[in-house]
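Please look through the structure shown here with an eye to a few of its loops and aromatic side chains. The report that follows is meant for someone meeting this structure for the first time.

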Amino acid sequence: MKNIAMIIAGGVGARTHQDIPKQFLHIHDVPVIIYTLKAFQNHPQIDTIEVVCLEGWHDVLQAYSKQFGITKLESVVNGGETGQDSIRNGLYDLAKRYKDNDDIVLIHDSIRPMVSADVISDNIRVCRQFGNATTVVPCTSVMLSTRGGGECINFTNTKR
């Protein structure tokens with residue numbers, strides 16, 4: 001009975017207009033993906049980590065994992081054309097090694113590094129109790145309307 005974290009890092013981050021995928025951008029000299037991996041590395045209930053990674057970045061990920069002490073990283077597999085394809089690739093890879101019906105796979109986006117230990121624990125607990133779990137957190141939506149020259153005509157801040 002294992003708790004496996006599957007981290008999805010197959011995107012190119014086109015909207016950031018950077019030369020590298022956003023999961024490999026550095027914040028305070030640490031790649032974003034490492035902050036995410038550390039959250040699962042440091043969680044006592046997580047047994048192993050698999051990363052579904054953009055092709056061509058596997059060696060970079062392995063080097064960063066070694067540099068930053070991510071010892072639970074078991075495997076890195078290629079992402080797909082879409083996020084759904086990437087998740088499927090990861091699940092197919094895990095199914096080759098893990099056969100216990102009581103194993104849990106927690107799927108998390110590599111560019112969401114602020115996941116708390118409580119959220120991870122709650123997902124494991126709820127999944128063990130009900131067979132699945134999904135994390136939902138409140139968010140604030142901000143909308144800004146402008147006229148042609150950039151003059152602000154409407155600013156709305158709403159909680160959902």
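In this predicted model, His28 is found in the loop between β2 and β3, the latter strand covering residues 30-31. His28 is not a glycine, and yet its phi is positive, at about 55°. The loop between β2 and β3 is also the place of Asp29, a residue other than glycine whose phi is likewise positive, near 65°. As for accessibility, His28 has a relative accessible area of 73% and is exposed, while Asp29, at 68% relative accessibility, counts as exposed as well.

Another histidine, His43, is placed in the loop between α1 (32-41) and β4. Is His43 buried or exposed? With a relative accessible area of 2%, His43 is buried, because buried means under 20%. The side chain of His43 reaches the backbone oxygen of Ala117 at a distance of 3.3 Å.

| Residue | Relative accessible area | Class |
|---|---|---|
| His28 | 73% | exposed |
| Asp29 | 68% | exposed |
| His43 | 2% | buried |
| Tyr64 | 17% | buried |
| Phe68 | 22% | partly exposed |

How many aromatic pairs does a search of the whole structure find? The search finds 3 aromatic pairs. One of them joins Phe24 and Trp57, whose rings are stacked, with 4.7 Å from centre to centre and 25° between the planes. Because Phe24 lies in the loop between β1 (3-9) and β2 (26-27), and Trp57 in the loop between β4 (48-53) and α2 (58-67), this pair ties together parts that are 33 residues apart in sequence. Phe24 and Trp57 are both buried.

A further pair is formed by Tyr64 and Phe68, whose ring centres are 6.4 Å apart and whose planes stand at 50°, so this pair is tilted. Tyr64 counts as buried at 17% relative accessibility, whereas Phe68, at 22%, counts as partly exposed; the cut-off for buried is under 20%, which is why the two residues are classed as they are. Taken together, Phe24, Trp57, Tyr64 and Phe68 form one aromatic cluster.

Definitions and conventions: Residues are numbered from 1 along each chain as its sequence is written. This is a predicted model: local features need pLDDT of at least 70, side-chain atom pairs count only at pLDDT 80 or more; totals for chains, interfaces and linings use all residues. Side-chain values use heavy atoms; hydrogens and water are left out. Rings of Phe, Tyr and Trp (its six-membered ring) pair if their centres lie within 6.5 Å; planes under 30 degrees apart count as stacked, over 60 as edge-to-face and the rest as tilted. Helices (H or I, at least four residues) and strands (E, at least two) are DSSP runs, numbered from the N terminus. Buried means under 20% relative accessible area, exposed over 50%, partly exposed in between (1.4 Å probe, protein chains only). A polar contact is a pair of N or O atoms within 3.5 Å; within protein, one must be able to donate a hydrogen and the other to accept it, and residues adjacent in sequence count only if both atoms are side-chain atoms.
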